[in-house]
Every structure is written in C-alpha cells, then in structure tokens.
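Keep the 3D view open as you read.

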Amino acid sequence: MDFLTTYIVLAEIYVLLGLSTNLLVGIVGIFSVSQAAVFGVGAYLTAFLLMHTALPFPVAVLLAAAFCVGLNILVTLPSLRVSGDYFVVTSFGIQLLATAVFTNWTGGTGGANGLPGVPAPLILGHEFTEPTEFIALTTIGMALGCLCFWLMMRAPFGALLRAIREDELAVAALGKSVLGAKVSAAALAGAFAGSAGGLYATFLSFVDPSSFDLDASIFLLTMVVVGGARTLAGSVLGPFVLLALPQILALIDIPTSIAAAARQLIYGLLLIVFMLFRPQGLLGEKL
Amino acid sequence: MLWLNLLINGLVWGCALGMVAVSFSLIFATTRFFHVAHAAVYGLGGYVSWSALKHGLPEWAALLVGIVVCGLAGAAIQKLLYERLDRRGATHLVILIASLGLSAVMQNGIAAIYTSNVLQYGLPWGNRTTIIGGALLTNTQMLTVVFGILSYLGAMWFAHRTVLGKRMRAVASNPFLAEITRLQPRQVHIAVMAIGSALVCIPGVLVPLDLGLQPFGGVPILLTATIAVIAGGVGSISGAFVLALVIAVLQNLSLLVMPGEWSIGITFGIFVIFMLFRPRGLFTG
C-alpha cells in the first residue's frame, strides 16, 4: 500500500505545519498568511544544502530549521508594531514577495521549473528512498513536534501566550515580556515550518514554487480551522482530513482542467462554513 | 525619454490603483475589517463585463452590467456573511478567515468557469494611440485617467455632500454613537459595501483592457491598494488616492534600476517604512 503510506507521510509533514500555523494564528493570535513561505524557505534551503554540500541529512535539516527560526522571527516582528488587520497586509506582502523570489531567482531556486533531484536522506549509511522507510522519519518528526507543542501548552509559557492573545496590555502590566514571548513563539513556529520543509523536499525529491504560494498558506489555515484551532488534537486531525479530501474528489468525475480550482474552491467553502457554523472546528476551542 | 514614459505609465496605473484604493478605503474605514474578498469582487467585475460584451452588448452597457452585479454582490456579501458573523459577536480573526474563504471560493469559481488562461476583451479601439504633450497614450490609458479622476471626485462628493456619505463618516468615526443616534450602522455598512464594490468594477474592467483578464489578478492589486490606504491614513479618501499615485509612479520608475518582477518588493518596502515611522498614515492628524 504505497499510496496509503505516501498519504500518511505527507499528512505527518503537514501536521508539523499545522502546529506552526496553529501556534501563531490560534494561540498567540498573530494572523499569519505567510507560513507557506517559511515552509518553502526550509524546503529550498535543505534541497540546496544536500545538493551542493556534503552535509549529512540531519545537519542540513537542522540548519534549514535554524534559518527558518530567524526568518520567522523577522517576518513576525512587524506584528509587535502594527496590530491586527495591519499585520495581515504585511503577511500577505511577505507571502507574495516569497513567491516572487521562488519564481524569479532562477540561480538559487531553479525558477518556475523548480529544483529536481534532491537526494534522499542518508542516515548512518542507510538511505530512506521508499515511502515505507521514510514514514519512520516523518513519524519521529511529528512526534517530536507534538511533544514540544504539548509541553509548551502545559507550561506557564503556554498560559502566557494565551493571555497575550486575550489582553496584551494586561500581560504587559503584570510585568511579563510580551516581546520575549512573541519572539519565542515565532521561533518555535519557524522551527516547525523549517523542518517540515526539509522533510518535504527530501521526500518528494523535488521542490517548485507552486507548493509554497498563497494558496498553500490558505490551505494551511484551512487545515487548522477544520481540525480545530488552539488544540494539539485539532492540528493533528486537520491535515489527515484535508489531505484525504482530494482522494475523495478523485472519485467524483471532475474534468482535470478544473480539478485544482475545484479543490481550492472547496477549501474556501470549508473556511466559510466552519466560521459560520462551527468556529471551533472539529476538535478545537472557540476562536 | 524613457523616464518620462515610465512616469506617465505610473500616473495612469496610479489612477487605476487609486480607484481600487478609494473603493477599499470607503469599505475599510466604515466596517473596520479587512475585506480580502474585495480582490475577488474586482475580478468578478471584469469577467461579468467580458461575458456581457461577448453576448453582444455595447461596451458601455457591458461595463454597467458589471457595475450593477458587483454592487449587488457586495451588498449580498455584507448581508449574508459579514453581518451574520458580526451579530454572533465573531472576532475580527473569524471574519477575516471567512473573507479569505470567500475570496478563494469566488476566484476559483471564476477559474473553474472561465479557465485560468488569460482572456482578452479584443476591442481594437483600446490600443489606438494619441500624442498629448509629447507622450504617447492609448485610448484605454486616457479612459483610465478620466475614470480615475471622476471616481475620486465622485467619492469625495459622496462622502462630504450626501446624507448617506455623512452617515457613513459618522459610523466610521464612532460606531457606538452612530448606533444610539439611530444612524443604523448595519444599513450603512450594506450601502457602503455596495458602493465600494460597484466602484471597484471600473478598474476591474479597465486594467484587463490592457493586460487581459486573470482569475487571480486582483490579489496583488488589492494588496498594493491597501498599502496606499494605510499609508495615506485610514478614512482619508484623498490620502488613499494620492498614495496610490505615488506608489504606482515609484513602481514604474523602479524599472529603470531593477526588473519588473521585483516591483512587489518596492511596494512592500514603502509599507514597511510607513509602518516604522508613521503607522497612522500621512493624511491623519
């Protein structure tokens, strides 16, 4: 069952992205529509390191994740200065800028054609080429991500982040550092997105701009909303449900020319329907 | 003389962008939430007019059909989606996500019906040129300038001289006071959404006259217009229009030093500078 394994591997990678988006949007309340951009940087950077240097796979992914930590802090920083709706504009801008870089910087990213031939992960002399082998890596990645998220939510730090969402001024008045908390949350979200990018690039052995555009960011948001914002269970459930959707759509006879549009349309519809009738998603808390 | 051509192109493009900015400014200043789906309404106008034209209507009638459909769509979006959410006490985040969803539904709906290929209006008169003061202008460009200035003046007249416009500004400046003095903010919101959506249809048709129709073409344009609205100062129609002209001219002049794919970077740079040094915009106290 290669097909089922591929689905699980991809869903597990998207769980990491779901955690990243959920942390920013759901828990801290920073409305980011540029998580796909950070994901993309992680993917491209891992691909580049593995193709052009002799670094082993774990080091490459760690480097990419570390770079994404810095990047995500940088793109989230404006949210300290501009509030709410203004930050959305910033976030949209970052996403469009990232797509422009991925598509036009032919030297580094291969442009619209993407980068083919990313080598498979090589750990302790074993090469993870088949989905049935790769699943071990993504499962470990997902488990680590979930553990981090779970520990953070139980810790006082989790409570602090939730308090910032409810009333930033009150938190500041209590003498807590809003800046520090937001930067730490952005760093963690960046690490999730970056390592997801590394896994994604090596699993597909190919990266191209279309996986990291605005639609991809909206897809991440849909995942979090449908699964349920603000909870670990929601972030895990969302990707598994939404990635199964195209398979179900494949059973209905839609012309291939409109299949992509139809899929994206359904994601949009899900966003509206959930916001109208069930803002807490399947397993989340009320937004 | 390259820079003169770029300057003129910038001013023309600025007029188109200015119309989007003014329409978005009316909506954003009054309802106070980020109506992302405005980008999709912009796209809707172009495609509806294209269909009307292909069904044999004359150009002016096709534009009028587009304007009416957009106006109705705007009112419907406010009444059926935003107002419902608002009545349930939904947070801005919830409304924003719903708006993003609506935008995806409308744009992909258009892509599914008309395919995502570029469609042309195929009106030969649009590309005919005239020389005015040493510069070469197409008919489409002249129409854009005329409509741009008319839209700006119309919006100013509407906001400052009509009863509805005054109600709109009252709701924008203090929703609570407007509610208790029976200015009926909810009705004002619907009216403003209808007017803003009808207005955005004009650039939605004029811009594709040159560049062709694309289902997702509205997103970068709306983003640029939003930056003009914020940098100009939310609620200031003049601020939105002037900043749209400035951004468009800078985008075009930047072509002298860097390739066009990076113009989004210029726009975004302007926004970051404003956010750092004057977050409330130029045209506010």
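**Where the chains meet**

Start at the contact between the two chains of this predicted model: chain A contributes 35 residues to it and chain B contributes 36 residues. On the side of chain A that touches chain B, the elements giving two or more residues are helices H4 (78-81), H5 (84-104), H11 (214-227) and H13 (256-277) of chain A. The largest share of that side comes from H13(A), with 13 residues. Sorted by class, the side of chain A that touches chain B holds 26 nonpolar, 7 polar and 2 charged residues.

Now stay in chain A and find A:Ala65, which sits in helix H3 (residues 57-76). Is this residue buried or exposed? A:Ala65 counts as buried because 21 C-beta neighbours fall inside 10 Å, and the cut-off for that label is 20 or more. Leaving aside neighbours within four places in sequence, A:Ala65 is in contact with A:Gly42, A:Ala191, A:Gly194, A:Ser195 and A:Gly198. Take A:Ala191 from that list: along the chain it is 126 residues apart from A:Ala65, yet their C-alpha atoms are separated by 4.8 Å.

Finally, turn to chain B and look for helix H1 (residues 2-31) and helix H10 (residues 237-253). These two pack with their axes 6 Å apart, at an angle of about 145°, and the crossing of H1(B) and H10(B) is right-handed. What classes of residue make up the contact of H1(B) with H10(B)? There are 17 nonpolar and 7 polar residues, and no charged residues, in that contact.

Terms used:
Residues numbered from 1 in each chain as written. Chains lettered and ligands numbered in written order. Predicted model: local features only at pLDDT ≥ 70, side-chain atom pairs only at ≥ 80, totals over all residues. Axes fitted to C-alpha atoms, helices over the stretch in contact; angles between N-to-C directions. Helix = DSSP H or I, 4+ residues; strand = E, 2+ residues; numbered from the N terminus. Left-handed = near helix turned anticlockwise from the far one by under 90°. Nonpolar A, V, L, I, M, F, W, Y, C, P; charged D, E, K, R; others polar. Contact = placed C-beta atoms within 7 Å. Buried ≥ 20, exposed ≤ 12 C-beta atoms within 10 Å, placed from the backbone.
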